[in-house]
Amino acid sequence: MQRLELVFQTYAVSKASLNEAIRMEQHKEDIIQRSETELQKLLQVALASLLVTENSLLKESPDYRQQTSGQSASIGITKLITLVGKYLRRIRKNYSTATQKRIIEKMGLQFCDLLIQHFSTISYSKQGLYQLFIDIGNLKKFIFEFDSPVVEEGYTQLKALVDIYLLKNDEASLRNHVT
């Protein structure tokens, strides 16, 4: 009888501890879920802030109608690459791989969309197109730092827009390209 009572008590204790473990696991999952939700809200604020800063930096770029500075990237593009690069390094340092991928892809697509919007609203001289070509080359090197096929696709769209400007401005190249 004592053995049966001991087995019954052991079973009751192990069932109670199992229920406690399940409850603790659910509590842990709730905390993780709330933390990720809060993190996403904070990241949205940070990305919005970055987007505003990127816009102001692009306004420092030459308007691509004047004489260009030569062989180097424009000041605005250089500052933009530096700023976004700092964000990339900090994200890679502080977040898990899955979170990094989500943040970096979102940030990279916003970056490409901003550049497409910016470059599609500018008038270009022949010298300005040369500067644009230099800036796009620097952006291409930087885009690979995102290490994301999705962001690279965004860059491909940007490059296609720039190619249209280059072809549009050079009628001889356009004729050769079409024929």
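Where is aspartate 147 found? Please start there and build up the picture.

Modeller: Aspartate 147 is found in the loop between α4 and α5. One caution before the details: this is a predicted model. Every value below is computed from it.

Start with the backbone. Aspartate 147 has a positive phi of about 50°, although it is not a glycine. Most residues other than glycine have a negative phi. Aspartate 147 has 64% relative accessibility, so it counts as exposed, the cut-off being over 50%.

Now take phenylalanine 146. Its relative accessible area is 2%, so phenylalanine 146 is buried, under the 20% cut-off. Phenylalanine 146 lies in the loop between α4 and α5, where α5 covers residues 149-169.

Next, the rings. The count of aromatic pairs comes to three. In one of them, the rings of phenylalanine 111 and phenylalanine 146 have their centres 5.9 Å apart. Their planes stand at 35°, so this pair is tilted. Phenylalanine 111 lies in helix α3 and phenylalanine 146 in the loop, so the pair ties together parts that are 35 residues apart in sequence. Phenylalanine 111 has 0% relative accessibility and counts as buried. Phenylalanine 146 also pairs with phenylalanine 142. That pair is edge-to-face, with 5.4 Å centre to centre and 80° between the planes. Phenylalanine 142 is buried, and so is phenylalanine 146. Put together, Phe111, Phe142 and Phe146 form one aromatic cluster.

The axes of α3 (residues 97-120) and α4 (residues 126-143) come within 13 Å and cross at roughly 175°. That angle is over 145°, so α3 is roughly antiparallel to α4. On the α3 side, the contact is made by Phe111, Cys112, Leu115 and Phe119. On the α4 side, Leu132, Ile136, Leu139, Phe142 and Ile143 make it. By class, the contact of α3 with α4 has nine nonpolar residues, no polar ones and no charged ones.

Helix α2 (residues 75-94) packs on α3 as well. The angle between α2 and α3 is about 170°, with the axes 10 Å apart. That makes α2 roughly antiparallel to α3. From α2 come Ile77, Leu80, Val84, Tyr87, Leu88, Ile91 and Arg92. From α3 come Gln100, Ile103, Ile104, Met107, Phe111, Leu115 and Phe119. This contact of α2 with α3 holds twelve nonpolar residues, one polar and one charged.

Helix α2 also meets α4. Their axes lie 11 Å apart, at an angle of about 5°. That makes α2 roughly parallel to α4. Ile77, Ile81, Val84, Gly85 and Leu88 of α2 meet Asp135, Asn138, Leu139 and Phe142 of α4. The classes for α2 with α4 are six nonpolar, two polar and one charged.

A search of the whole structure finds one salt bridge. Side chains of opposite charge can pair when their charged atoms come close. Here lysine 159 pairs with aspartate 163, the closest N and O atoms being 2.7 Å apart. Lysine 159 and aspartate 163 both lie in helix α5, four residues apart, about one turn of the helix. Lysine 159 is partly exposed, with a relative accessible area of 25%. Aspartate 163 is partly exposed too, at 30%.

Lysine 106 sits in helix α3. Its relative accessible area is 37%, so lysine 106 is partly exposed. The C-alpha atoms of lysine 106 and valine 150 are separated by 9.2 Å, though the two residues are 44 residues apart along the chain.

The protein has six helices and zero strands. From the N terminus on, the elements run α-α-α-α-α-α. Of its 179 residues, 30% count as buried. Among contacts with a separation of 6 or more, residues 24 or more positions apart account for 74%.

Terms used: Residues numbered from 1 in each chain as written. Predicted model: local features only at pLDDT ≥ 70, side-chain atom pairs only at ≥ 80, totals over all residues. Heavy atoms only, no water. Axes fitted to C-alpha atoms, helices over the stretch in contact; angles between N-to-C directions. Helix = DSSP H or I, 4+ residues; strand = E, 2+ residues; numbered from the N terminus. Parallel < 35°, antiparallel > 145°, perpendicular 65-115°, else oblique. Contact = heavy atoms within 4.5 Å. Nonpolar A, V, L, I, M, F, W, Y, C, P; charged D, E, K, R; others polar. Phe/Tyr/Trp six-rings, centres within 6.5 Å; stacked < 30°, edge-to-face > 60°. Buried < 20%, exposed > 50% of the residue type's maximum accessible area, 1.4 Å probe, protein only. Salt bridge = Lys/Arg side-chain N within 4 Å of Asp/Glu carboxyl O.
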